[in-house]
Structure formats: structure tokens, C-alpha cells
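This report describes one protein model, from its overall form to selected local features. Please keep the sequence and the three-dimensional view at hand while reading.

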Amino acid sequence: MILGSYNKLSTYIKRHFATIFPFLTVGKAFNIALALVEMKLKVAKPRSKPFVYRVDPCSCCNLRCASCNTWQTCTKEKRVMSLADFKIIIDKIKKYAVRVSLYDMGEPLLNPEIYSMIKYAHDAGISTLISTNFNLFKDEDLEKLFASGLTVLEPCLDGFTQEAYGQYRQGGDVEKVKHNIKSVMDYKIQHKLKYPKVDVQVVMFDHIKNELPLIKKFLQDCQVDAVSYRQENLGFNSAETSIANKDNGVGQCFWLYVGCMMRPDGNMYPCCGRDFDRFAYGNILNDSLANIWNNQYYQFSRRLFQKGGNLPFNADFSKIPCLTCREFKKCKTMSHE
């Protein structure tokens with residue numbers, strides 16, 4: 001599967017429906033239907049709640065990827081989430097959540113409680129997913145991985161030789177990644193297990209294109225469940241082939257109705273924008289989901305997509321990231337007029 005825009009609801013549904021459907025309940029299905037209707041109507045204060053979540057267990061990383069500043073950024077943010085805080089979050093969202101993805105700015109396997117976190121979410125009836133560079137995984141982790149109940153594992157394999165792989169995944173070892181993918185699939189096949197679905201992520205960097213046949217053959221031999229070839233949007237390719245920073249303007253932002261993300265400190269955001277010290281819409285550890293979801297910041301962001309005149313200037317809202325987002329077409333902005 002070749003993935004284009006990350007910000008199309010149809011793309012998200014196509015990729016994840018099969019691994020989310022088994023976790024649906026009548027109540028969750030009703031909430032999803034209501035959310036989609038309220039999104040269509042551009043309701044500023046919806047009755048529905050988000051149903052897909054990204055909860056970042058660790059915003060540190062063991063690699064130094066070329067277009068990522070995670071490894072060198074100084075921030076006051078908490079970098080590793082505790083299991084206790086994770087449980088608080090899950091308890092607050094489990095009534096609505098059909099998917100929790102445990103990754104964002106860093107490497108989830110750096111969190112020593114990652115498998116306990118996955119299991120807690122799984123036991124709460126929630127589909128789980130992690131995306132990982134897969135350098136830190138070890139053979140002795142196999143039983144913990146499968147016992148956790150993880151639904152989807154997305155290891156990244158951006159190259160077949162170390163020379164190509166290391167150009168972007170600096171500090172990484174491609175042989176470790178390949179060994180770990182094969183070990184997981186061997187264990188899964190040997191024990192005749194359904195989960196996790198292993199969906200290998202391959203970013204289409206210019207410098208690995210001649211190795212794509214080797215990657216494809218290796219993954220076929222391993223019998224992985226899926227391979228997702230992602231368009232490069234990190235600005236590492238040449239200017240001619242990179243899609244980074246292009247104004248896609250794909251339409252109304254669906255994230256303001258269907259999902260949200262939380263960092264290790266509990267701060268809650270409407271999407272997974274790649275910056276530290278961002279403008280937070282609230283803190284899920286200190287407040288309820290309902291209060292944050294329909295607070296003044298969320299309502300302001302949703303009104304940007306309603307027809308009509310610009311919103312009056314409010315200094316408190318000037319740092320809201322939706323104002324400068326180029327991924328979606330807004331109907332208005334904030335002005336002094």
C-alpha cells in the first residue's frame with residue numbers, strides 16, 4: 001500500500017478499519033456515527049467524544065534521524081510517561097476509545113513500562129498500535145510483546161543495506177531491524193497467533209529507491225502482514241521530489257472531531273504536530289475529557305472551518321496551532337477587524 005496524504009479520513013479508515021472493528025461496541029459505534037455527523041455539520045461544541053487517540057509514552061529517542069530534532073531538543077516537557085499516569089488516561093477515555101496509538105515524538109520502546117501500558121489498554125477493550133524504529137527490541141522481549149495483546153506493530157525499515165538505511169536513521173542498525181522483524185514473524189507463525197498485525201513502514205526516500213525490490217523480497221519472505229510505503233514529507237528528499245511543506249489544503253480538519261493526542265506530561269493537543277512546548281488545549285491528568293474537548297480553544301478551532309466573517313482578535317488564542325496549519329482549508333481566521 002502506498003500512502004499519500006496523512007490527513008485524509010478515508011485513508012485512515014482504509015488502513016485501520018480491520019484492526020479497529022473487533023473493538024467496537026454499540027456505544028462506541030453510536031459515538032463514532034454522531035462524531036461524523038457533527039463533523040459534517042461543523043458543530044463547534046459536539047456532543048460526541050474523540051474515539052482515536054495518540055498517547056506518547058516517551059518523547060526521547062535512541063536515534064538521530066536527519067529531519068527530526070527530538071534527540072537534541074531542550075524542553076521543559078516531561079519526556080517519559082509513568083504507568084500510573086497512563087492508567088489515569090485510559091480510564092478517562094476507555095468509554096469512547098477504539099484505538100490508542102502509543103507513539104509520537106520519540107521511541108516507545110524506551111519506556112520500560114511499554115508492554116504493561118499496551119496490556120492495560122488492551123484489557124480495557126481498546127485496539128493498540130505502536131510505531132517503532134525497532135532497534136531496541138530483543139529476542140527476550142518476544143513473549144512480553146505477544147502477551148501484551150498489541151494489535152498493530154509498525155516497525156520502520158527505510159533501507160536494506162546499512163549504507164542506505166543509515167543516511168536517514170542515523171545511529172540505527174538495519175541488521176537489528178531485519179532480525180527483529182523476522183523474529184517476530186517467526187514467533188507469530190510458529191504459535192499461530194493473529195496479533196499483532198505487522199505492518200512495516202517504508203518511507204520513500206530518494207536514496208533507498210534502488211533497494212525497494214530487496215526490501216520487498218525480504219518482507220515477503222518474512223510473511224509480514226502488510227507493507228506501507230509512505231511518501232517522504234520530512235524534507236530530506238531533493239526539492240524536486242519532496243512533498244514537505246506543500247500546501248495540501250485537503251478540506252475540513254477531521255482531527256477536531258475524531259481524535260486527539262497526549263504527551264507524557266498529560267498535555268492534550270488536537271493533532272500530532274511535531275514541536276515541543278506547543279500550545280496545549282488542556283491537561284487530561286488534571287481535567288476531564290469532556291471539559292477539554294469542548295473548551296474555548298477547541299470551539300475556536302472548529303469555528304475556523306465554519307462559513308462567515310473572521311473571528312475577533314483574542315490575544316489568548318494567538319498561539320493556537322490551527323491558525324497557521326496548512327494541511328486543511330479554513331474558512332476564516334482571526335483578525336483585528
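Two residues are in contact when heavy atoms of theirs lie within 4.5 Å. Among contacts in the protein between residues at least 6 apart in sequence, 70% join residues at least 24 apart.

The model is predicted: local features need pLDDT of at least 70 and side-chain atom pairs count only at pLDDT 80 or more, while totals for chains, interfaces and linings use all residues. Residues are numbered from 1 along each chain as its sequence is written, and side-chain values use heavy atoms, with hydrogens and water left out.

**Overall form**

The protein contains 11 helices and 12 strands; these are DSSP runs numbered from the N terminus, with at least four residues (H or I) for a helix and at least two (E) for a strand. The C-alpha trace spans about 60 × 45 × 35 Å along its principal axes. The radius of gyration is taken over C-alpha atoms, and the globule rule is 2.2 Å times the number of residues to the power 0.38. For 337 residues a compact globule would have a value near 20 Å, and the protein agrees because its radius of gyration is 20 Å.

A residue is buried under 20% relative accessible area, exposed over 50%, and partly exposed in between (1.4 Å probe, protein chains only). Buried residues account for 53% of the 337 residues. The protein exposes about 15,600 Å², of which carbon and sulfur atoms supply 54%; this area comes from the Shrake-Rupley method with a 1.4 Å probe.

Two strands pair if DSSP finds at least two bridges between them. Strand β2 (residues 52–55) pairs with β8 in the parallel sense over four bridges, and C260 in β8 is the bridge partner of Y53. With strand β9 (residues 267–269), β8 pairs in the antiparallel sense over two bridges; here M261 stands opposite Y269. Four residues lie between the strands in the hairpin of β8 and β9, where G266 takes a positive phi near 90°.

**Backbone features in loops**

Most residues other than glycine have a negative phi, and most peptide bonds are trans.

| Residue | Phi | Relative accessibility |
|---|---|---|
| K192 | near 55° | 77% |
| Q223 | about 65° | 52% |

K192 is found in the loop between α7 and β6, whereas Q223 lies in the loop between α8 (212–222) and β7 (226–230). K192 counts as exposed because its relative accessibility is 77%, and Q223 is exposed with 52%.

The peptide bond from Y195 to P196 is cis, with omega near 0°. P196 is found in the loop between α7 (174–190) and β6 (197–203).

Is K188 buried or exposed? K188, which lies in helix α7, counts as buried because its relative accessibility is 5%. Leaving aside neighbours within four places in sequence, K188 is in contact with F146, L193, K194, Y195, P196, K197, V198 and D225. Among these contacts are Y195 and P196, the two residues joined by the cis peptide bond.
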